[in-house]
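Here is a short note for a colleague who is meeting this structure for the first time. Please keep the sequence and the model open while reading the points.

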Amino acid sequence: MTPLLPFPGPEIVMNRRASMDEPYGTTRREILNLDAGREATSTIACWPGYRPTPLIDLPGMARELDVKRILYKDESRRFGLKSFKALGGAYAVSRLLKRIVSEELRRDVSATDIAERRFEEIVAGITVTCATDGNHGRSVAWGAHTFGCRCVIFVHSRVSDARAKAISDLGARVERTSGNYDDAVRVSFEQANRHGWHLVSDTSFPGYTTIPRDVMQGYSVILEEEAKCWKEGLPTHVFVQAGVGGLAAAVCAYFWERFGRTRPHIATVEAEKAACLFESAKSGSLRTIRGELATIMAGLACGEASLLAWRILETGAHFFVTIPDATAAETMRLLARGCGGDRPIVGGESGVAGLAGLIACAGNAETRRRVGLDARSTILTIGTEGDTDPELYERIVGRSAEEVLRGSEF
Ligand SMILES: Cc1ncc(COP(=O)(O)O)c(C=O)c1O
């Protein structure tokens, strides 16, 4: 078989601690669970502009890779924010506001009360904050804008002006910090403490877990939306991209709790320059990657994994894969052209990373065998973003998202 991408096979760590027989269990259920996922789905379904995102079949690419089926859950139009992150940060803002207002009024208020801005005066006095490499901050800013609170977002030195502007366009104050994403997380934590702001971080650390748990639980809506599809047949594999690991943990937890030993094999895919989960899996405990974390996959440029996410992935993920930037860029172009007659799709740099990891693994005999891909495999991938940085997208693909979509029927 001729490989779709002209690159050597990716780096892989097989997780010896992952066992299909291990039950999901109460400790992990305290982090993420199906009941909380359904609550997130019913809350988010009531927000203005909610629509489930499409699950797209890629038969042309499946043929090229000699697998049975490839599914691509396309998050590029989620709430007009162009990424799946719209689910997590904004959901955590809504849960936070509900808790604060309930405490202040000494009675329980509902998620609908918050969505319909019934306690505007209290909410207007609250400030939320976070660090971001683009998408999470945009989601938090959108939540603040939608529910009526104030917002300050910290962007690190490598976040593009286009991504920073998309956040300030939502009414948030945007502050630049020096260093990488993990440094920006530390600044946002200090500033929140200093000013009495509420930190809505997508990453968890000792002593800070409630809000990141809400963020991750919001992501499970992606899989809840396709609950009917899983009843008809489960994927054999999921290739899911990871920054701090929140999305991958949400995906892993959902399938593990719901389907136990029949669940799909989970492969996390990271940028090779920011592979904190990969390195942690290799050494058997959480590891930090320092330095610039230079990658075009901006959403994956995280050197420190989320503690809660790791708690799930350390025994739940089956493979940890890394890919270079060139693999992501080539996959963006492949999707935009439409592979083997598939319809063209707009996928951003981090957005295509899971699919890029699959293509890289499937196209190399050795890695294909190691992850168990063959002509009977059905693989779920999540297109986590569209052209969140339109200029960069056009530079990589050679056409704008609009031009690509003109060739598509939706
Ligand atoms: C587009 C995109 N995909 C994937 C991820 C990774 O998510 P997580 O950091 O939860 O692993 C991010 C994170 O910002 C992202 O923006």
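This is a predicted model: local features need pLDDT of at least 70, side-chain atom pairs count only at pLDDT 80 or more; totals for chains, interfaces and linings use all residues.

1. I would begin with strand 10, which covers residues 319-323. Because 5 of the 5 residues of this strand are buried, strand 10 is largely enclosed by the rest of the structure. The cover extends to both faces, with Phe-319, Val-321 and Ile-323 buried on one side, and Phe-320 and Thr-322 buried on the other.

2. Strand 10 is joined to strand 9, made up of residues 265-271, by 5 bridges, and these two strands run parallel. Within this part of the model, Val-269 stands opposite Val-321 of strand 10.

3. Strand 10 is also joined to strand 1, residues 11-14, and here the two strands run antiparallel, with 4 bridges between them. Glu-11 has Thr-322 of strand 10 standing opposite, and Thr-322 is one of the buried residues already listed.

4. Turning to the surface, the reader will find a patch of negative charge in which Glu-391, Glu-394, Glu-402 and Glu-403 gather. At least two residues of this negative patch are supplied by each of two helices, namely helix 19 (390-397) and helix 20 (401-406).

Key:
Residues are numbered from 1 along each chain as its sequence is written. Side-chain values use heavy atoms; hydrogens and water are left out. Patches are made of residues with over 30% relative accessible area and no salt bridge: like charges are joined within 9 Å, nonpolar side chains (Val, Leu, Ile, Met, Phe, Trp, Tyr) within 5 Å. Accessible areas come from the Shrake-Rupley method with a 1.4 Å probe; for residues, only the protein chains shown count as cover. A salt bridge is a side-chain nitrogen of Lys or Arg within 4 Å of a carboxyl oxygen of Asp or Glu. Lys and Arg count as positive and Asp and Glu as negative; His and the chain ends are not counted. The place of a charge is taken as NZ of Lys, CZ of Arg, CG of Asp or CD of Glu. Buried means under 20% relative accessible area, exposed over 50%, partly exposed in between (1.4 Å probe, protein chains only). Two strands pair if DSSP finds at least two bridges between them.
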